[in-house]
Every structure is written in structure tokens, then in C-alpha cells.
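I opened a new notebook for this chain. I will look things up one at a time and write down what I find.

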Amino acid sequence: MHVARKIFVGLAWLFVLAVAIQFLLAGLGVLGGESLEPHRQWGFIVLHLIPILMLIVAIVGRMGRIVIVLTVVLFLLVFLQPLFVDPELDPRWLRSLHVVNALFIFALGHHLAQRGTKTVRGMAVAA
């Protein structure tokens, strides 16, 4: 169980880093004159996979109801993210929610990483 919690923390911090990379890729695509394809692929592959792994590890590591629920919310936010850039989305202003949702994704990922780190450190002190 203790190992699973450490894995959760590692995945959570990896997720935070992955979101930062995603912002970089978006900036390159929009402001740097590069293709947005790396941004799309990174989001579909990495940012969808890590929350699934986090959820599995949170359950195995018995991280608690709050962490598990927040990890499910994180997955749902990541799952909804590509829907906000659908060209068919109307009214068009709804597409701007893609950026706002990205901020929520980053903030929640960071919160889970910090919370998990405190849990693991608390267990180390108690041992």
C-alpha cells in the first residue's frame, strides 16, 4: 500500500510536468508558427493515460475517498478537454473553455500531487 502511494505521488507530479509541456506545445503551435499536432497527440496519449493510472494506484493504495473522487474529476476534465475545441461547437465562444479547463486541470493535478506528497511524508514520519 505504501509503495502504491509513492507511485501515485510520482504519477501526480509527472502529470503536472506533462501539463506544463502541453502548455509549451500549445504555445509553439499558436504563437511559434509550428503545428498543433504535437499538442493534440501529447494530450490524447499522455494526459489521458496518466489520470487513469493515478486512479488505479489511488484505489490500490487506499488513498482515501477525497483523493479518489478528485482523481476521477481530473480524469473527467481531461476527457472533456478535446470537446471544447470541436469545430462544430456552437456557440463558438464555448471553445474558450478549453483554456479555462486547462487551468483547472493544472490546478487539480498540482493539488493532488501536493496532497499525495503530504500523505506519503506523514506516513514516513509516523513510521
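**Entry 1: Ala107**

I started with Ala107, which counts as partly exposed because its relative accessibility is 44%. The model I am reading is a predicted one. I then looked for the place of Ala107 and found it in helix H4. Next I checked a distance from Ala107 to Val16. The two are 91 residues apart in sequence, yet their C-alpha atoms are 8.6 Å apart in space.

**Entry 2: the whole chain**

I stepped back to see the fold. How many helices and strands does the chain have? I count four helices and zero strands. Along the sequence the pattern reads α-α-α-α. I noted the ranges as I went. Helix H1 covers residues 2-30, and helix H2 covers residues 37-60. Helix H3 runs over 65-80 and helix H4 over 97-126.

I boxed the C-alpha atoms along the principal axes. The box is roughly 50 × 25 × 20 Å. The chain has 127 residues, and 33% of them count as buried.

**Entry 3: Leu74**

I wanted a residue from the inside. I picked Leu74, which is found in helix H3. Is Leu74 buried or exposed? Leu74 is buried, because its relative accessible area is 0%, and buried means under 20%.

I listed what Leu74 touches, leaving out residues up to four places away in sequence. The list holds Phe15, Pro51, Met54, Ile105, Leu108, Gly109 and Leu112. I also took the distance from Leu74 to Leu55. They are 19 residues apart along the chain, and 9.5 Å separates their C-alpha atoms.

**Entry 4: the surface**

I turned to the outside. The chain exposes about 7800 Å². Carbon and sulfur atoms supply 74% of that area.

I then looked for a nonpolar patch. I found one made of Leu49, Ile52, Leu53, Ile56 and Val60. Together these residues have about 430 Å² of accessible area. I followed up on Val60, which sits in helix H2. Val60 counts as exposed because its relative accessible area is 55%, and the cut-off for exposed is over 50%.

**Entry 5: charges**

I counted 10 positive and 5 negative charges in the chain. Their mean positions are 27 Å apart.

Why might charged side chains pair at all? Side chains of opposite charge can pair when their charged atoms come close. I searched the whole structure for salt bridges and found one. The side chains of Glu37 and Arg40 form it, at 3.4 Å from N to O. Both residues lie in helix H2. They are three residues apart, about one turn of the helix. Glu37 is partly exposed, with a relative accessible area of 35%. Arg40 is also partly exposed, at 42%.

Lys6 is in helix H1. Lys6 counts as partly exposed because its relative accessibility is 47%. I took one distance here, to Leu76. Lys6 and Leu76 are 70 residues apart in sequence and 23 Å apart in space, C-alpha to C-alpha.

**Entry 6: loops**

I read the loop between H2 and H3 and stopped at Arg62. Arg62 is not a glycine, although its phi is positive, at about 50°. Arg62 is exposed, with a relative accessible area of 60%.

I moved on to the loop between H3 and H4, where I found Pro91. Which form does the peptide bond from Asp90 to Pro91 take? The bond is cis, with omega near 5°.

Arg92 lies in the loop between H3 and H4 as well. Arg92 counts as exposed because its relative accessible area is 59%.

Technical notes:
Residues numbered from 1 in each chain as written. Predicted model: local features only at pLDDT ≥ 70, side-chain atom pairs only at ≥ 80, totals over all residues. Heavy atoms only, no water. Helix = DSSP H or I, 4+ residues; strand = E, 2+ residues; numbered from the N terminus. Buried < 20%, exposed > 50% of the residue type's maximum accessible area, 1.4 Å probe, protein only. Areas by Shrake-Rupley, 256 points an atom, 1.4 Å probe, with all protein chains shown as cover. Lys, Arg positive; Asp, Glu negative; His and termini not counted. Charge placed at Lys NZ, Arg CZ, Asp CG, Glu CD. Patch = residues over 30% accessible without salt bridge, like charges linked within 9 Å, V, L, I, M, F, W, Y side chains within 5 Å. Salt bridge = Lys/Arg side-chain N within 4 Å of Asp/Glu carboxyl O. Contact = heavy atoms within 4.5 Å.
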